[in-house]
Amino acid sequence: MIVSIPSEVRNEYAKAASKGWVLPCICTENLTTTEAILAAASEYGAERSVSDVPVIIAITNNYNHRSQSVNYTHTRDWACGLRLFRNDILALAGPGAPYENVKVMLHLDHVQYDIDKELLEGDLSGYASIMYDASALPLDENIRLTAEFVRARGDQIVIEGACDEIVDATGSVHNDLTTAEVAERYLRETGVEMIVANLGTEHRATGKELKYHGERAREIKDRVGTKIVLHGTSSVTNDQVRSLFADGICKVNIWTALERDSSAALFGDMVRNASKVAGPSAIDKLIEEGYLTDKCRTDEKISISHFTYLYRQGIIYEEMKKIVRSYFDLWYL
Ligand SMILES: [Zn+2]
């Protein structure tokens, strides 16, 4: 079932907190990923006899690092992408649907204060939460705009704010960890319900020094409670991942690993079945060019079992499902 009424969404967060659960918030930009997330949650629930396993499925809009609603279709039309995203989830997890046993909350991620204005002022019904992202502005301006958005829409949707400051009032670019003082002030003055803080993970880091700062998270938690949203887990060690809830993290946004690791799995399978995927003559050519070795010259015919979208997406789907499942096993115990 799809949960979107703010009081019910808050209730899901409260229930998760009472169990010490971190809610995984997994981004998608296509149907395969969307279904893999739902299937992983559904299977987890069935295996552990847990009813209504909660999961958050997210999508970014015109976010310049990754515009996922734009990527959802080749029309490159964000509004069309969002409609499909919502319709896919409704068809898969709505009343009478195969993944009806999952409690799914839709989240709009990194919605930009400027280029996403049309979405911010439009119909947000059906979504459980939204991240209002004005972090490209100096902190005071970020706070002012975020507070304005909370006043306008806070009764209709749960709002998450981005309290890190990429560019300060002097115009200089920086990438500091969020302090407990800033986090507390940001929450108090904007009225948001959750904050995305810069804790050193790949959400903001400009490259080389990716490191999750748990001690900083705990300082923030001491001031504001368990209201921190963490973006990115690749730089978080397994031990740290397990204790995220204790650090004040209520929700973790995940995406890159799903696409990255499933790509490698698909590539490997295609190489191992090269002849069935592309046919003997295409393989001969790649061997001549030095890209493949003689091992790929099996002379097997190109086969419908291997040249279809279903084959390719099937491998991606299974791999993504495994990755998503691993998060439930870590956090929902
Ligand atoms: Zn982020």
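Colleague: Hi! Is Cys-25 buried or exposed?

Modeller: Cys-25 is buried, with 0% relative accessibility. Buried means under 20% relative accessible area, exposed means over 50%, and partly exposed lies in between, using a 1.4 Å probe and protein chains only. This is a predicted model, where local features need pLDDT of at least 70, side-chain atom pairs count only at pLDDT 80 or more, and totals for chains, interfaces and linings use all residues. Residues are numbered from 1 along each chain as its sequence is written, and side-chain values use heavy atoms, with hydrogens and water left out.

Colleague: Changing topic: where is Ala-16 found?

Modeller: Ala-16 belongs to helix H1, residues 6-19. Helices (H or I, at least four residues) and strands (E, at least two) are DSSP runs, numbered from the N terminus. Ala-16 is buried, at 5% relative accessibility.

Colleague: What does Ala-16 touch, leaving aside neighbours within four places in sequence?

Modeller: Trp-21 and Leu-23 are in contact with Ala-16, where contact means heavy atoms within 4.5 Å. Ala-16 and Lys-251 are 9.8 Å apart, C-alpha to C-alpha, though 235 residues separate them in sequence.

Colleague: Now helices. How do H10 and H13 pack?

Modeller: H10 (residues 256-272) and H13 (residues 309-331) have axes 8 Å apart, at an angle of about 135°. Axes are lines fitted to C-alpha atoms, for helices over the stretch in contact, and angles run from 0 to 180 degrees between N-to-C directions. H10 and H13 are therefore oblique to each other. Angles under 35 degrees count as roughly parallel, over 145 as roughly antiparallel, 65 to 115 as roughly perpendicular, and the rest as oblique.

Colleague: Which residues meet there?

Modeller: Among them are Leu-258 and Leu-266 in H10, and Ile-315 and Met-320 in H13. By class, this contact of H10 with H13 has 11 nonpolar, 2 polar and 5 charged residues. Ala, Val, Leu, Ile, Met, Phe, Trp, Tyr, Cys and Pro count as nonpolar, Asp, Glu, Lys and Arg as charged, and the others, Gly among them, as polar.
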